[in-house]
Amino acid sequence: MATKIRLQRGGRKDYAFYRIVVADARAPRDGRFTEKIGTYNPNTNPATVDLNFDRALYWLEVGAQPTDTVRNILSREGVLLMKHLKGGVKKGAFDEATAQKKFDAWKADKQKGLEKIAAEEAKAKKDAEKKALEAEKQVNEAIAKKVAEKKAAAVAEAEAQAQAEAPAAEEAPAEA
């Protein structure tokens, strides 16, 4: 029986959510499956993967073929690397401890890369907020300047009108 590791769609319309399952290659996409080994949510940034590492590795070792998307997921999670390292142990290229050490080094390096990317995104977001705040301050200053000019013009006009009315008011009682 040919088995595949593939995605089984769930979720609502326009919000896909997938289960990572092991199924017979002849079964329909959302049909019968042998075992659920994880979930994949592409709607988050970055995509969220919850995977049973040991079961995924077991199914790869017994010959299950992953689909292209699942292969990418397994690669990012390190399952394919561990399978490769275990193959090296079986061939006698190195021992189990060395394989585990290489895998741990890869995982630590990957974690550093993810942290660096997260830090860069946080910095970019902070810079964008700072630029937006500066732009808003400039707009507010320009508006405040225009309002001050209008108020000054209104005060000057009122003073001019008052001065124009004052001599007329002084002349009116003098004539009477």
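## Basis of the model

Helices (H or I, at least four residues) and strands (E, at least two) are taken here as DSSP runs numbered from the N terminus, and under this scheme T39 is found in strand β3. The structure is a predicted model, in which local features need pLDDT of at least 70 and side-chain atom pairs count only at pLDDT 80 or more, while totals for chains, interfaces and linings use all residues. Residues are numbered from 1 along each chain as its sequence is written, and side-chain values use heavy atoms, with hydrogens and water left out.

## Overall architecture

The protein chain contains four helices and five strands, and along the sequence these elements follow the pattern β-β-β-β-α-β-α-α-α. The radius of gyration is 36 Å, well over the 16 Å that the globule rule gives for 176 residues, so the protein chain is more spread out than a compact globule; the radius is taken over C-alpha atoms, and the rule is 2.2 Å times the number of residues to the power 0.38. Along its principal axes, the C-alpha trace spans about 120 × 40 × 20 Å.

Of the 176 residues of the protein chain, 22% count as buried, where buried means under 20% relative accessible area, exposed means over 50%, and partly exposed lies in between (1.4 Å probe, protein chains only). The protein chain exposes about 12900 Å², of which carbon and sulfur atoms supply 53%; accessible areas come from the Shrake-Rupley method with a 1.4 Å probe, and for residues only the protein chains shown count as cover. Contact means heavy atoms within 4.5 Å, and among contacts between residues at least 6 apart in sequence, 34% join residues at least 24 apart.

## Charged side chains

The protein chain has 33 positive and 28 negative side chains, and the centres of the two sets lie 17 Å apart. In this count Lys and Arg are positive and Asp and Glu negative, with His and the chain ends not counted, and the place of a charge is taken as NZ of Lys, CZ of Arg, CG of Asp or CD of Glu.

## The largest nonpolar core

A nonpolar core is a set of buried Ala, Val, Leu, Ile, Met, Phe, Trp, Tyr and Cys residues joined through side-chain atoms within 4.5 Å. In the largest one, which has 22 residues, I5, I20, I37, L51, L74 and V79 touch the most other members. At least two residues of this core are supplied by each of β1 (3-12), β2 (15-24), β3 (35-41), β4 (48-51), α1 (53-61), α2 (68-77), α3 (79-91) and α4 (96-175), and the largest share, five residues, comes from α1. In soluble globular proteins, nonpolar side chains tend to be buried together.

Leaving aside residues up to four places away in sequence, I20 touches I5, R6, L7, E35, K36, I37, G38, T39, Y40, L51, V70 and I73. With the same exclusion, T39 touches F17, Y18, R19, I20, T48, V49 and D50, and T39 is buried, with a relative accessible area of 15%. L57, found in helix α1, counts as buried at 6% relative accessibility. Beyond residues up to four places away in sequence, L57 touches V79, M82, K83 and K86, and the C-alpha atoms of L57 and L80, 23 residues apart along the chain, are separated by 7.7 Å.

## Loops and backbone details

D14 is found in the loop between β1 and β2, where this residue has a positive phi of about 65 degrees although it is not a glycine; at 73% relative accessibility, D14 counts as exposed. A cis peptide bond, with omega of about -5 degrees, joins N45 and P46, and P46 has its place in the loop between β3 and β4.

## From α3 into α4

F94 is found in the loop between α3 and α4 and counts as partly exposed at 21% relative accessibility. Not counting residues up to four places away in sequence, F94 touches L85, G88, V89, A99 and K102, whereas F94 and R76, 18 residues apart in sequence, are 23 Å apart in space, C-alpha to C-alpha.

A108 is found in helix α4 and is partly exposed, with a relative accessible area of 40%. The C-alpha atoms of A108 and K90, 18 residues apart along the chain, are separated by 25 Å.
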